Amino acid sequence: LLIKDGRVVVERNPSGAYQRYETMSVTKSIVSLAIGLLIAEGRIDSVDASLSTWFDDWKEGRKGKVTLRHVLTHTSGLAHQKGAGTLNQQADRTAYARGRPVIEEPGKRFSYNNEATQLLAGVVQKAAGMDPAELLGRRLFGPLGIKDFGWERDRAGNVQAFYGLALRPRDLARIGLLMLAEGRHDGHQLLPAAWVREATRPGLAAFPMMGYLWWLRHRGHRWVQTGARLDRLAGEGLTIADRLRPLCGREFNRAEAYWLAAGALLDEDGRGR
């Protein structure tokens with residue numbers, strides 16, 4: 001499905017227009033909108049609220065330092081598996097995630113974390129008195145005209161927050177258009193515009209690829225050879241520094257690309273230095 005300037009220009013749906021599709025980890029992004037709604041209502045103070053607000057057993061040690069911002073930016077430090085296999089085997093996935101240890105200092109390292117995201121199902125339930133499916137169904141999906149959706153639950157009845165939401169393509173597009181319109185739909189502000197802007201910019205400056213469970217397109221790191229750096233290296237005794245002058249001003253999107261270009265300008269002895 002491709003929409004341009006508010007109009008559908010391409011649609012190919014081999015299973016039929018009314019077929020729902022598993023949105024996989026796009027579910028995470030949509031769950032994050034429930035947090036925005038609850039902050040706007042005053043049921044959650046801010047993204048810097050401690051998870052111990054809702055989980056009494058998270059007051060001590062590293063767990064006591066974990067905030068919603070850490071969960072929303074995949075920097076909680078919560079122990080997790082690389083995939084979702086182990087988490088999917090749990091009868092109560094929220095309880096399992098809640099019982100995992102925090103093994104790294106929160107906010108220090110980005111690590112994509114299904115277990116931490118599942119904690120949001122518990123946060124929303126406690127803060128709103130209803131789970132993410134009911135809250136978003138009432139406050140977002142209904143006003144957008146999304147009437148047919150599915151949402152996977154574990155055997156304990158918890159909504160699955162890390163994937164599991166199934167939508168029709170056009171209904172998922174409604175959410176995309178809502179975000180582009182900064183939360184406004186059909187004359188109504190369904191999401192605070194300030195929240196949409198905040199959620200779609202880096203949640204932590206050190207990790208520019210991630211907003212609040214929204215992946216961000218960003219330029220990324222670049223390696224640039226500068227003349228000043230070569231002058232310093234020459235002053236420190238690197239006699240081959242001048243051979244690298246042709247690289248000055250060029251940008252490399254990977255360190256390996258820089259070293260390949262540098263190596264091409266040096267002989268074997270120079271590469272060894």
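View 1. Helices here are DSSP runs (H or I, at least four residues) and strands are runs of E (at least two), numbered from the N terminus. H10 brings the largest share, 4 residues. Please keep in mind that this is a predicted model, where local features need pLDDT of at least 70, side-chain atom pairs count only at pLDDT 80 or more, and totals for chains, interfaces and linings use all residues. Residues are numbered from 1 along each chain as its sequence is written, and side-chain values use heavy atoms, without hydrogens and water.

**View 2. The centre of the second largest pocket.** Its volume is about 320 Å³. Among the 14 lining residues, Leu 238, Leu 244, Tyr 258, Trp 259 and Arg 273 are the closest to the centre. A pocket is an open set of 1 Å grid points, over the protein atoms alone, where a 1.4 Å probe fits, with protein on both sides within 12 Å along at least five of seven lines; lining residues have an atom within 4 Å of a point. A volume is the space filled by probe spheres set on the points, which are joined across faces, edges and corners.

**View 3. The largest pocket and its lining.** This pocket has a volume of about 520 Å³. Of its 24 lining residues, Val 26, Ile 175, Gly 176, Met 179 and Trp 214 lie nearest the centre. Strand E1 (2-4), helix H1 (26-41), helix H7 (169-180) and helix H8 (193-199) each supply at least two lining residues, and H7 gives the most, with 7.
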